[in-house]
Amino acid sequence: MPQIDLRTTVLLSAVMSALMSVVLLSAYYSFPRSIKGIGRWVSGSLLLIVAPVLFWLRDIVPDWLSIVVANCLVMAAMALWMLAVQAFYGRPQTWRSAAALTVLGTLLLAWHALGQPNYVARVTIVTFVVGIFYIAQCVLILRYGERHFSTYFFGALMSVQALVVLLRFGTSLFAGMTRHSFFAPDDVFQIIYLSSNTLMDLALSVAFMLVNTRRLHVELDVLSRTDPLTLLLNRRALYAAGQEALERMRGEGENALADELTPLLETCERIRFGGLQPTRFALDELLQSSEVVLARLAPDAPTLEGALA
């Protein structure tokens, strides 16, 4: 098997995180505030710049820095990524649970690094905590993600990384399957684990950017088709939906169309002959009648609530 320099691999992970942090930070300041979670994801990526550098300095700087602090930053970064996904999909923020799990993992890690050194126990602790955060993100994407390519891509990458972390956790439970060095050149599972982390630091950030771009596209499409005051369809959307409805109703006869247009025609008659003054409230009623008619003629016509649900 070709030898892989794990120190270089770990340092490359910091470079990947730095590059994607710049991209996502730009998106954070450019995207509308209705798209949540970008700031938390950027915070996690920034931590993943520092942590690999500390890992790279293993056996150069004190253990409390290269082991305890470095792994604490990794767990905190995964917690922030989980909170970012929760915010993006509009789910409650589990700050306390994430913080408690990170602190508990750090305390156990510190004991097995400084009090009673045990490398295998440290691997078990870190992969267990990080695995929980990855699994939580997979569940969120599966349950609340839009049925779109960007979501499928994001979910697939997250699932692969979760499986790699769980594989590393599983191997740490069996004697002889884990070497006793972070940069052991003959530890196949450690090579897979660190290489996957390096790749996924970039890939997951790219996938998260894709789902954010998709959300931005949906919001802009809705804004282009609705009136900002009444949240009803504007003339462009009304015309498009009406044309689509007329195409579907061709061959059904004029009576069917007349029946569908009755509520709208009654409102127009009231404005013209029934004494209903063409005030703002009357026009609002007319727009609402149009919305009802279009909802019956074109149930797929876009509305603000339907597009953002």
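This report looks at a helix pair, a cavity and an aromatic pair in a predicted model.

## Ground rules

Residues are numbered from 1 along each chain as its sequence is written, and side-chain values use heavy atoms, with hydrogens and water left out. Since the model is predicted, local features need pLDDT of at least 70 and side-chain atom pairs count only at pLDDT 80 or more, while totals for chains, interfaces and linings use all residues.

## α2 against α3

Helix α2 (residues 38-56) packs on helix α3 (residues 63-88) at about 160 degrees, axes 8 Å apart. Helices here are DSSP runs (H or I, at least four residues), numbered from the N terminus. Axes are lines fitted to C-alpha atoms over the stretch in contact, and angles run from 0 to 180 degrees between N-to-C directions. The two helices are therefore roughly antiparallel (over 145 degrees).

By class, their contact has 21 nonpolar, 5 polar and 1 charged residues. Ala, Val, Leu, Ile, Met, Phe, Trp, Tyr, Cys and Pro count as nonpolar, Asp, Glu, Lys and Arg as charged, and the others, Gly among them, as polar.

## The cavity

There is 1 cavity of 30 Å³ or more, and the largest cavity holds about 400 Å³. A cavity is a set of points on a 1 Å grid over the protein atoms alone where a 1.4 Å probe fits but cannot get out; lining residues have an atom within 4 Å of a point. Points are joined across faces, edges and corners, and the volume is the space filled by probe spheres set on them.

Of its 28 lining residues, F55, V74, Y193, L194 and N197 are closest to the centre. The largest share, 7 residues, comes from α5.

## An aromatic pair

W41 and F208 are stacked, 4.4 Å centre to centre with 10 degrees between the planes (ring centres within 6.5 Å, planes under 30 degrees apart; for Trp, the six-membered ring). W41 sits in helix α2 and F208 in helix α7, 167 residues apart.

Notes. Parallel < 35°, antiparallel > 145°, perpendicular 65-115°, else oblique. 1 Å grid on protein atoms, 1.4 Å probe; cavity = no way out; pocket = protein on both sides within 12 Å on 5 of 7 lines; lining within 4 Å. Phe/Tyr/Trp six-rings, centres within 6.5 Å; stacked < 30°, edge-to-face > 60°.
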